[in-house]
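Visitor: I have a structure to go through and would like to ask about its side chains. Please take the questions one at a time.

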Amino acid sequence: MVHAFFVGRALAETLTEQASNLASTLVSEAGKFDAEQRDRLRQFTETVLEKANREAAQASQGRSYAANVAGEDLQALIDDLRAEIAQLRTELQRYRSRSGI
């Protein structure tokens, strides 16, 4: 009978220790998960802001280019671009015919 008491007491202490260890591990893992999620969110936010800043810079460059072009003869610019496209097409056809594509 006395032996059963000590076995029961040892069982209760061991279960308490295991529950304490499990709770500690769960809290630790939850903290790690939270920290990882915060870091991922921070990285995502930085990536989005960098991309937005790059695109804004490109857009502002495009606007300054468009402002410069507005002062020039637009029809002459369009004609020059068409001529360049035609020249590129010709070069592309020559390349394809040489390489057998």
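Visitor: How many aromatic pairs does the structure hold?

Guide: The model is a predicted one. Two rings count as a pair if their centres lie within 6.5 Å. For the structure, the number of aromatic pairs is 1.

Visitor: Is Phe5 buried, exposed or partly exposed?

Guide: Buried means under 20% relative accessible area and exposed means over 50%, with partly exposed in between. Phe5 has 49% relative accessibility. Phe5 is therefore partly exposed.

Visitor: Which residues make the nonpolar surface patch of about 330 Å²?

Guide: Residues of a patch need over 30% relative accessible area. Phe5 has 49%, and Phe6, in helix 1 (residues 2-71), has 45%. The nonpolar patch is made by Val2, Phe5 and Phe6.

Visitor: Which residues gather in a patch of negative charge on the surface?

Guide: One of them is Asp80, found in helix 2 (residues 74-99). Asp80 counts as partly exposed because its relative accessibility is 47%, and residues of a patch need over 30%. The residues of this negative patch are Asp73, Asp79, Asp80 and Glu84.

Visitor: How many salt bridges does a search of the whole structure find?

Guide: Side chains of opposite charge can pair when their charged atoms come close. The cut-off is a side-chain nitrogen of Lys or Arg within 4 Å of a carboxyl oxygen of Asp or Glu. Among the bridges is that of Glu91 with Arg94. For the whole structure, the number of salt bridges is 6.

Visitor: How far apart are the closest N and O atoms of Glu13 and Arg9?

Guide: Glu13 and Arg9 both lie in helix 1, 4 residues apart, which is about one turn of the helix. Glu13 is partly exposed at 45% relative accessibility, and Arg9 is partly exposed at 43%. Glu13 and Arg9 form one, with their closest N and O atoms apart by 3.6 Å.

Visitor: Which residue forms a salt bridge with Glu91?

Guide: The two partners both lie in helix 2, 3 residues apart, about one turn of the helix. The closest N and O atoms are 2.8 Å apart, and the partner of Glu91 is Arg94.

Visitor: Which residues are linked in a network of salt bridges?

Guide: Arg42 forms a salt bridge with Asp39, their closest N and O atoms being 2.4 Å apart. Both lie in helix 1, 3 residues apart. Arg42 is partly exposed at 40% relative accessibility, and Asp39 is partly exposed at 32%. The residues linked in the network are Asp39, Arg42 and Glu46.

Methods:
Residues are numbered from 1 along each chain as its sequence is written. This is a predicted model: local features need pLDDT of at least 70, side-chain atom pairs count only at pLDDT 80 or more; totals for chains, interfaces and linings use all residues. Side-chain values use heavy atoms; hydrogens and water are left out. Rings of Phe, Tyr and Trp (its six-membered ring) pair if their centres lie within 6.5 Å; planes under 30 degrees apart count as stacked, over 60 as edge-to-face and the rest as tilted. Buried means under 20% relative accessible area, exposed over 50%, partly exposed in between (1.4 Å probe, protein chains only). Patches are made of residues with over 30% relative accessible area and no salt bridge: like charges are joined within 9 Å, nonpolar side chains (Val, Leu, Ile, Met, Phe, Trp, Tyr) within 5 Å. Accessible areas come from the Shrake-Rupley method with a 1.4 Å probe; for residues, only the protein chains shown count as cover. Lys and Arg count as positive and Asp and Glu as negative; His and the chain ends are not counted. The place of a charge is taken as NZ of Lys, CZ of Arg, CG of Asp or CD of Glu. Helices (H or I, at least four residues) and strands (E, at least two) are DSSP runs, numbered from the N terminus.
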